[in-house]
Amino acid sequence: MRRSSPARTRRRAASGVALVLVLLLPVLPACTATAGRTAGAACSHADLAAARACLAPRSASAEDVAAVSLLLTDLAGDPAEQAAALVALDGSGLTDLLVALDMVGAAKPEHGAAVAGAQRQVRAAVAEASTAWDCATTSRIAAGLLEGLSAATAVAYLVADPAGARVDLRLATAVGDALHEWERTHDQLFTMLDSIGPAGAPSSPMASALPGLTHDGSGMLVVDPADVALRHLGEHGTDALGWLLADDRVAYWFGDRDWAVAAGHAAPAALWNAMRDAVATEDDTAELRRLDDEVVVLWSDGVLRAEPDLAPEPVRRGRP
């Protein structure tokens, strides 16, 4: 039986605390600017921040959700204005907007389709705007995305669609940096537990859009943004290789991080395989050989012994 280290025990506890916080979350005021808002009262939809303030789970109307969608549609017509609007909202504001929409969708299933549409618009807007942000702005926004309740689900959602809404490589790597820094600083995984709804799907609309969620063994689903982020980085091919090999990231993502209590080792393995698949010729580069050597050393006594197919085929052929 594999023993859990104190750090791993804290990691499990962290996910459990996140769940309790979600379950105990009080009903938010209907509108920040007018805390005493009553049903049918006017709410400002002047910009995304104002529109978000109207998204109280139990009192938000179809018009409140539609206002967010309309604002995003208008911004999509002017890329520069869109990029500036999202910068003004900042990373924490983006997470807050997505989570507020999520809570409306969970509390009012009749708004589910409209909520999902607005969330997809947020993701598409971030994907397009991220190509215009400079490195400092991108890093600040990525760090801000990790702030707030249910941030893990929001981060995973934003980077989960590389085919339809592929965020810029700088943002993808900045999210990886932010997760790397947060987890090492807090000595716990940046994950979230989500309950399973009556239809067998996650209770969170955003989580319902995430591929391959794993069960934690007690009836909950594990939302792990690192799993999604590493898979997304693999879509950027060898452009992500330099990021992976810098600053001891291989040692953390393939060694220190306890994937067994999160989403499993498939994501780092997918990134490893993607690095190899992106090579145009059969000749290995020095960087890929270095990656192979480091991962084999880290995984040879445990992960690869249990799941040898996680390694790229050339590595399986060449490994003793």
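**Helix packing and buried positions in the predicted model**

Helix H4 crosses helix H5 with a left-handed sense. In this predicted model, the two helices, H4 spanning residues 79-107 and H5 spanning residues 112-129, pack at an angle of about 150 degrees, and their axes lie 9 Å apart. That angle puts H4 roughly antiparallel to H5, because anything over 145 degrees falls in that class. On the H4 side, the contact draws on Pro 79, Gln 82, Ala 83, Leu 86, Leu 94, Leu 97, Leu 98, Leu 101, Asp 102, Val 104 and Gly 105. H5 answers with Val 115, Ala 118, Gln 119, Val 122, Ala 125, Val 126, Glu 128 and Ala 129. Sorted by class, the residues of this contact come to 14 nonpolar, 3 polar and 2 charged. As for spacing along a helix in general, an α-helix has 3.6 residues a turn, so residues three or four places apart point the same way.

Helix H6 (residues 135-145) and helix H8 (residues 169-186) pack at about 50 degrees, with 8 Å between their axes. H6 is therefore oblique to H8. Here the crossing is right-handed. H6 brings Cys 135, Thr 138, Ser 139, Ala 142, Ala 143 and Leu 145 to the contact, and these meet Arg 170, Leu 171, Ala 174, Val 175 and Ala 178 of H8. The residues involved split into 8 nonpolar, 2 polar and 1 charged.

Thr 138, which sits in H6, deserves a separate look. With a relative accessible area of 1%, Thr 138 is buried, because the cut-off for that label is under 20%. A polar atom of the Thr 138 side chain lies 2.8 Å from the backbone oxygen of Asp 134. Leaving out residues up to four places away in sequence, Thr 138 touches Trp 133, Arg 170, Leu 171 and Ala 174. Of these partners, Arg 170, Leu 171 and Ala 174 also figure on the H8 side of the contact between H6 and H8.

The buried set is made up of Pro 225, Ala 226, Asp 227, Val 228, Ala 229, Leu 230, His 232, Leu 233 and Gly 234. What do these buried residues of H10 pack against? Their partners are helices H7 (151-158), H8, H11 (241-245), H12 (249-256) and H13 (266-277), along with strand E3 (220-223).

The loop between H10 and H11 holds Gly 237. Gly 237 has 10% relative accessibility and so counts as buried. Once neighbours within four places in sequence are set aside, Gly 237 is in contact with Met 275 and Ala 278. The C-alpha atom of Gly 237 is also 8.6 Å from that of Leu 271, although the two residues are 34 residues apart along the chain.

Stepping back to the whole chain, the secondary structure amounts to 16 helices and 3 strands. Of the 320 residues, 48% count as buried. Among contacts with a separation of 6 or more, 72% join residues 24 or more positions apart.

Conventions
Residues are numbered from 1 along each chain as its sequence is written. This is a predicted model: local features need pLDDT of at least 70, side-chain atom pairs count only at pLDDT 80 or more; totals for chains, interfaces and linings use all residues. Side-chain values use heavy atoms; hydrogens and water are left out. Axes are lines fitted to C-alpha atoms, for helices over the stretch in contact, and angles run from 0 to 180 degrees between N-to-C directions. Helices (H or I, at least four residues) and strands (E, at least two) are DSSP runs, numbered from the N terminus. Angles under 35 degrees count as roughly parallel, over 145 as roughly antiparallel, 65 to 115 as roughly perpendicular and the rest as oblique. A crossing is left-handed if the near helix is turned anticlockwise from the far one by less than a right angle, and right-handed if clockwise. Contact means heavy atoms within 4.5 Å. Ala, Val, Leu, Ile, Met, Phe, Trp, Tyr, Cys and Pro count as nonpolar, Asp, Glu, Lys and Arg as charged, and the others, Gly among them, as polar. Buried means under 20% relative accessible area, exposed over 50%, partly exposed in between (1.4 Å probe, protein chains only). A polar contact is a pair of N or O atoms within 3.5 Å; within protein, one must be able to donate a hydrogen and the other to accept it, and residues adjacent in sequence count only if both atoms are side-chain atoms.
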